[in-house]
Amino acid sequence: MEQSTKQGNSLLHNKTYMRVYSAFATASFGDWFDALAIQVLVGYRWQAGPLMLALIPVALALPSILLGSIAGVAADRLNKLKLMRICDLLTALITLLVLFAPSMIWLLPLLALRSALSTLNMPAQQSLTRSLVREDQLLQASSLNGLVNQGSKIAGPLLGGLALAFLTPQWCILLNALLRGCSYLLLLSVKNIHTEEEDSKQPEALDNKIPLRTMWREGWSFMLRSRLLLNTMLFGLAGSLVIQVVDFQFTSLFRVFAPDRESLLGWMVAATGAGAVLIILILNKLKLEEGYGWKLGSGYVLIGGSIAALGLLQPGASMIWVLLIGFVLGIGNGVFMITFNYCLQKETPPHMTGRIFGIQNTVLSTVLIVAPLLGGLLVQYAGPARIFVNIGLLQLLLGLTGVVFGRQLWPVARSTAEAAHPAVESS
């Protein structure tokens with residue numbers, strides 16, 4: 001009763017939730033410091049080729065594909081708080097090992113192992129949040145999580161770029177290990193979360209639920225029958241496949257036109273985060289019910305144009321151009337991201353939401369295996385500038401297709417009526 005009384009207040013007054021949230025924010029901030037430092041270390045210090053750079057996202061994605069469903073079961077069956085503590089502590093220790101990795105042969109397995117811990121940690125964090133927050137406060141909690149993701153995307157690379165101007169990448173990696181340790185200590189200070197009772201009842205509840213295979217099949221069947229959801233997923237898949245070709249080749253590109261400015265990549269990523277945050281704040285005040293096509297398409301147009309513009313930069317290009325292009329890239333990313341997620345949420349019945357987003361995670365994780373390797377091969381044989389221009393133009397054309405044929409691909413008025421009756425009834 002005391003727990004529920006606390007949750008009756010503002011979410012910011014829920015001390016237990018805010019400690020868990022602070023731990024999550026601390027870890028997210030450290031991750032961005034670390035990600036930038038590793039790219040600089042591998043690209044600038046070790047002079048790794050495009051194919052080696054492409055292996056980094058592959059190492060990060062494999063655990064998500066292999067362990068995603070197992071991680072969800074672990075989050076439901078085990079004590080969530082203890083699982084998060086173990087993941088944070090082990091992540092800090094592995095990050096220290098990353099600090100001493102002498103080459104890619106050692107770095108890639110360590111990154112994969114650390115990614116596996118993140119795969120376990122994320123569903124536990126989401127599940128614990130749900131047990132701490134009342135139903136009518138879930139949207140507020142989701143907004144705070146989104147603020148952390150985008151805020152750390154700005155502050156992490158921004159301060160990381162500043163740190164790299166004076167320190168080595170190893171110091172940024174060490175900082176991530178320390179921040180993970182702080183996250184562990186914050187979670188260690190959290191007490192009296194009454195999730196054990198829920199955990200003890202879960203096996204009985206699971207026996208009365210629909211078999212997992214049946215639920216999985218229903219999710220895929222519902223998505224394939226819904227024209228709007230299927231087109232949204234395919235559009236997102238096509239765009240992700242194109243973008244991921246160059247996503248981990250930014251270091252290769254920046255090494256060409258800014259060989260002596262290691263921190264410039266960090267400033268560009270920070271500008272991207274600033275653009276995304278700004279447009280998300282604006283879109284939150286607008287209605288997204290109509291016009292999925294032009295919003296999704298215009299997001300791709302801005303992303304594609306920015307990628308092509310980066311490919312056209314010449315050696316010694318002004319930092320102002322890099323920041324401006326990064327800012328526009330962030331706007332495009334923000335427009336697409338918030339519209340895509342909103343579309344999936346709004347056009348899916350509540351009892352199907354988890355399965356639809358699970359399908360999305362599976363599909364996009366698979367893309368992370370194929371596209372970066374293709375990008376590494378293309379950049380190695382044709383050079384980063386030409387590939388960035390071509391990939392940017394391809395993404396731009398894909399976005400224009402969404403804008404021009406938006407009414408045919410996303411018939412919003414009809415789809416909402418269809419989803420309200422036949423889809424629910426058939427399920």
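How many helices and how many strands does the protein have? In this predicted model, the protein has 18 helices and zero strands.

Overview. The fold comprises 18 helices, with zero strands, and buried residues make up 49% of the 427 residues in the protein. When contacts with a separation of 6 or more are considered, 88% of them are accounted for by residues 24 or more positions apart.

**Close-up A. Helix α10 packed with helix α13.** Helix α10, which covers residues 227–247, and helix α13, which covers residues 292–311, pack at an angle of about 5°, and their axes are 12 Å apart. Because angles under 35 degrees count as roughly parallel, α10 and α13 are described as roughly parallel to each other. On the α10 side the contact is made by L228, F235, G236, G239, S240, I243 and V246, which meet Y292, L296, G297, Y300, I303 and I307 in α13. Sorted by class, the residues of this contact of α10 with α13 are nine nonpolar, four polar and no charged.

**Close-up B. Helix α11 packed with helix α16.** Here helix α11 (residues 250–257) and helix α16 (residues 384–404) pack at an angle of about 125°, with a distance of 9 Å between their axes. That angle makes α11 oblique to α16, and the crossing in which α11 passes α16 is left-handed. The residues that meet are F250, S252, L253 and V256 from α11, together with P384, A385 and F388 from α16.

Close-up C. D88 belongs to helix α4, which spans residues 80–99. Is this aspartate buried or exposed? With a relative accessible area of 3%, D88 is buried, since the term applies to values under 20%. The side chain of D88 is joined to the side chain of R180 by a polar contact of 2.5 Å.

Note on methods: Residues are numbered from 1 along each chain as its sequence is written. This is a predicted model: local features need pLDDT of at least 70, side-chain atom pairs count only at pLDDT 80 or more; totals for chains, interfaces and linings use all residues. Side-chain values use heavy atoms; hydrogens and water are left out. Axes are lines fitted to C-alpha atoms, for helices over the stretch in contact, and angles run from 0 to 180 degrees between N-to-C directions. Helices (H or I, at least four residues) and strands (E, at least two) are DSSP runs, numbered from the N terminus. Angles under 35 degrees count as roughly parallel, over 145 as roughly antiparallel, 65 to 115 as roughly perpendicular and the rest as oblique. A crossing is left-handed if the near helix is turned anticlockwise from the far one by less than a right angle, and right-handed if clockwise. Contact means heavy atoms within 4.5 Å. Buried means under 20% relative accessible area, exposed over 50%, partly exposed in between (1.4 Å probe, protein chains only). A polar contact is a pair of N or O atoms within 3.5 Å; within protein, one must be able to donate a hydrogen and the other to accept it, and residues adjacent in sequence count only if both atoms are side-chain atoms. Ala, Val, Leu, Ile, Met, Phe, Trp, Tyr, Cys and Pro count as nonpolar, Asp, Glu, Lys and Arg as charged, and the others, Gly among them, as polar.
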